[in-house]
Amino acid sequence: MSIVDQVQNKSNRWLSQFVRYGISGIIAFVVDFCLLKVLTSHFGLYYQIGVGCGYIAGLLITYTLSIFWVFDVRRLSNKYLEFLLFIIIGIIGLILTHLCMYFLTELIWNINYQVSKIVTTSIITFFNFFAKKMMLFKK
């Protein structure tokens with residue numbers, strides 16, 4: 001196989017993984033967003049609590065889909081360590097999510113929390129994909 005074929009094969013695999021991660025992310029986002037909406041609008045919880053609960057539900061969905069469908073290589077053979085690192089990346093993503101939500105909703109732009117969630121998710125998705133890909137699902 002030539003170097004050009006290897007590079008093309010590698011970039012096709014990355015693109016395929018990113019598309020599958022995007023699809024799994026959409027599924028997780030729908031659950032995340034609906035949980036946020038229900039907890040905030042229907043149960044009257046502070047939106048940051050809804051953000052945390054929704055994010056955790058989405059994190060579990062993306063973990064499950066990541067190991068079974070998105071990524072074809074797993075760096076770690078110890079599944080408990082892999083899950084722990086996935087959770088650590090998730091916690092960092094959750095902190096970033098809370099900060100973005102706070103800045104967009106309360107501090108800077110005073111945007112509705114639902115719109116802030118969509119903007120925040122767009123940003124944090126890239127962090128999550130590349131952190132997980134580099135730390136957990138790469139040779």
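Colleague: Which charged end sits over the ring of Trp-14?

Modeller: That of Lys-133, at 5.0 Å from the ring centre. Keep in mind that this is a predicted model.

Colleague: And which cluster do ring pairs link Trp-14 into?

Modeller: Ring pairs join Trp-14 with Phe-18, Tyr-21, Phe-71, Phe-126, Phe-129 and Phe-130.

Colleague: How many aromatic pairs does the count come to?

Modeller: The count is 14 aromatic pairs.

Colleague: Changing topic. How many disulfides does the structure hold?

Modeller: It holds 0 disulfides. Cys-34 is in none, and the nearest cysteine sulfur to it, that of Cys-53, is 14 Å away.

Colleague: What is the relative accessible area of Cys-34?

Modeller: Cys-34 has 43%, so it counts as partly exposed. Cys-53 is also partly exposed, with a relative accessible area of 34%.

Colleague: Now Tyr-80. Which helix does Tyr-80 lie in?

Modeller: Tyr-80 is part of helix H3, which covers residues 79–107.

Colleague: Is Tyr-80 buried or exposed?

Modeller: Exposed, because its relative accessibility is 74% and the cut-off for exposed is over 50%.

Colleague: How many residues apart in sequence are Tyr-80 and Tyr-46?

Modeller: They are 34 residues apart in sequence, and in space their C-alpha atoms are 33 Å apart.

Terms used
Residues are numbered from 1 along each chain as its sequence is written. This is a predicted model: local features need pLDDT of at least 70, side-chain atom pairs count only at pLDDT 80 or more; totals for chains, interfaces and linings use all residues. Side-chain values use heavy atoms; hydrogens and water are left out. Helices (H or I, at least four residues) and strands (E, at least two) are DSSP runs, numbered from the N terminus. Buried means under 20% relative accessible area, exposed over 50%, partly exposed in between (1.4 Å probe, protein chains only). A disulfide is a pair of cysteine sulfur atoms within 2.5 Å. Rings of Phe, Tyr and Trp (its six-membered ring) pair if their centres lie within 6.5 Å; planes under 30 degrees apart count as stacked, over 60 as edge-to-face and the rest as tilted. A charge sits over a ring if NZ of Lys or CZ of Arg is within 6 Å of the ring centre and within 35 degrees of the ring normal.
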